[in-house]
Amino acid sequence: MAYQFKIKLEGTSKPPVWRKLLVPQNYSFYQLHMAIQGAFGWENAHLFEFVDGFSDGASIGINFDDGWDEEEKEDAHETRVDEVFRQEKQKLHYNYDFGDDWTHLLILEKITDDKLIHARCLGGKGACPPEDCGGIWGYYAMVDAINDPKNPEHKDMRDWLGMKKNEDWDVNEFSVEEANQRMIAYLQA
């Protein structure tokens, strides 16, 4: 069996940034994390957790030896997706980068009979914000600065991103093929 999720980056609009993933039911939450990283274009450079939707209020994240409260978090490497998701329409939040606070809403759209070895991106919309741009508000300020030559931060932002002359940031840019290539690379690493 496989689980089809729609995952939306909260706070985005015009366009909303989302991806649709199909993942094997036996994936761990760490594998789901890596699939989300690849599908969106994140760089897996920050901590993450999955929260909400648990009867005991627990969350799932990476287990670190320092400061980890075993009673509050499950290890993402050891907790399987099918241990938490049991029925369609279940929701869960995925938080990535506790500084920028990228919150994604996961909705289990359907459980299929597909037999998968690796996750697949089925579709999506919108460009993923670059890492460390300051969260959702920083992202939209960055887009405005990049695409407005009169903005005082225009040159600095373009230099930071390594953009070429006359290149614009396209908030609509998304390629399902590139998302699938990244997912395969991330999951094999």
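**Salt bridges**

Author: Asp-82 pairs with Arg-80 in a salt bridge, their closest N and O atoms being 2.5 Å apart; the term denotes a side-chain nitrogen of Lys or Arg within 4 Å of a carboxyl oxygen of Asp or Glu. The model is predicted, so local features require pLDDT of at least 70 and side-chain atom pairs pLDDT 80 or more, whereas totals for chains, interfaces and linings use all residues. Residues are numbered from 1 along each chain as its sequence is written, and side-chain values use heavy atoms, without hydrogens or water.

Asp-82 is buried because its relative accessibility is 14%, while Arg-80, at 33%, is partly exposed. Here buried means under 20% relative accessible area, exposed over 50%, and partly exposed in between (1.4 Å probe, protein chains only).

By this rule the count comes to 3 salt bridges. Another joins the side chains of Lys-20 and Glu-109, at 3.2 Å from N to O. This pair links distant parts of the chain, as Lys-20 belongs to strand S2 (residues 18-24) and Glu-109 to strand S7 (residues 102-112), 89 residues apart. Strands (E, at least two residues) and helices (H or I, at least four) are DSSP runs, numbered from the N terminus. Lys-20 is partly exposed at 22%, and Glu-109 is partly exposed at 22%.

Asp-159 forms a salt bridge with Lys-155, with 2.7 Å between the closest N and O atoms. Because they stand 4 residues apart in helix H4 (residues 154-161), about one helical turn separates Asp-159 and Lys-155. Asp-159 is partly exposed at 46%, whereas Lys-155 is exposed at 55%.
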